[in-house]
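Open the model in your viewer and keep the sequence panel beside it. Each stop below says what to select and what is there.

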Amino acid sequence: MIGKFSRAAAFGLAAGITRAVYGELRRRSPGGASRWERTNHAGRTVHLGAGPAVAVGAAVGALPAPARGAAALAVLAAGACGAYDDVAGAGDPRRGFRAHLSALRDGEVTSGAVKLFGISAAGLAAGALLKERPLDRLLAGVVIAGTAHFVNLVDVRPGRATAAVLALGAPGLLRKGPAGVLSAASVGAAAAVLPDDVAERTMVGDAGAHALGAALGAAIVAGNGRAGLAAHAAGLVVAAVYGDKVSELARQAVRVPTAVG
């Protein structure tokens, strides 16, 4: 039976694995520290270890849910595509679907385009595993990929993406069944790195933002029927179309308070 214990187990698994992976990446930094470091908006050097950590943590945290296969597929694929963009797209000033699709029309395959199509494909594949009817599968794919993109859109300042996942995922913790477990996995992974993210010791990057968004999207899909999926899909499409405005609103939001130390 999937009840309170499974939600608690999912949260604990996600948080524990995320912290363990994050700590190991900070200690060892495979390939050298420079590969894992970036300069953030304030000119501070931050570590990228939180991104892969939350991807692994959210995927493992989904294990108590029957929908574990679909959730893991969406989370790990989204995280991998985001990680590729973190590395290959470093220094590329182009942002948003229009810029990358425009480059694609000109014959250039950008890392952003790879991310766009890769996460979309993963979302559709996960949606096909979570739902039975063709239309529901399509809507589920849009919700998973769209939520991954949305969380990345708000990742414009320290703590924005992780705080957004906590806020949006918290109501799902009250739900029973797979939706509650998958919500707990996304929230647990985000909570594990939130303090370091806000304190500007790390950043989740595209890898973490997309992975957390995909995990949250899988939870939304697991807890909604066709009407709910359609409503979420419509909202996410609007957010994607007005992505610059969404990012600007997130940039202007009040900074998440925390003790830095």
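A residue is called buried when its relative accessible area is under 20%, exposed when it is over 50%, and partly exposed in between (1.4 Å probe, protein chains only). Helices (H or I, at least four residues) and strands (E, at least two) are DSSP runs, numbered from the N terminus. This is a predicted model, in which local features need pLDDT of at least 70, side-chain atom pairs count only at pLDDT 80 or more, and totals for chains, interfaces and linings use all residues. Residues are numbered from 1 along each chain as its sequence is written, and side-chain values use heavy atoms, with hydrogens and water left out.

**Stop 1: helix H5**

Select residues 111-130, which make up helix H5. The helix has 20 residues, and its first and last C-alpha atoms are 28 Å apart, close to the 28 Å expected at 1.5 Å a residue. The expected span is 1.5 Å times one less than the number of residues. Colour the buried residues of H5, among them Ser111, Lys115, Leu116, Ile119 and Gly127.

**Stop 2: lysine 115 and its partners**

Which side chains meet lysine 115 in a salt bridge? A salt bridge here is a side-chain nitrogen of Lys or Arg within 4 Å of a carboxyl oxygen of Asp or Glu. Show aspartate 85, which lies 3.0 Å from lysine 115, N to O. Aspartate 85 is in helix H3 and lysine 115 in helix H5, 30 residues apart. Now show aspartate 206, which pairs with lysine 115 at 2.8 Å, N to O. Aspartate 206 belongs to helix H9, so this pair ties together parts that are 91 residues apart in sequence. Lysine 115 counts as buried because its relative accessibility is 11%, and aspartate 206, at 16%, is buried as well.

**Stop 3: helix H8 and what follows**

Select residues 178-198 for helix H8. Its 21 residues should span 30 Å, and its end C-alpha atoms are 30 Å apart, which agrees. Of these 21 residues, 18 are buried, so the rest of the structure largely encloses H8. Centre on alanine 192, where H8 bends by about 35°; proline 195 follows within four residues. The bend is the angle between axes fitted to the seven residues ending at a residue and the seven starting there.

Move on to glutamate 200, which comes after H8 and has a positive phi, near 65°. Glutamate 200 forms a salt bridge with arginine 44, with the closest N and O atoms 2.9 Å apart.

**Stop 4: the largest nonpolar core**

A nonpolar core is a set of buried Ala, Val, Leu, Ile, Met, Phe, Trp, Tyr and Cys residues joined through side-chain atoms within 4.5 Å. Select Val75, Ala189, Val204 and Leu212, which touch the most other members of the 21-residue largest core. Helix H2 gives the largest share of this core, six residues.

**Stop 5: valine 151**

Select valine 151 in helix H6 (residues 134-153). Valine 151 is buried, with a relative accessible area of 0%.

**Stop 6: valine 238**

Finish on helix H10 (residues 226-241), where valine 238 lies. Valine 238 counts as partly exposed because its relative accessibility is 46%.
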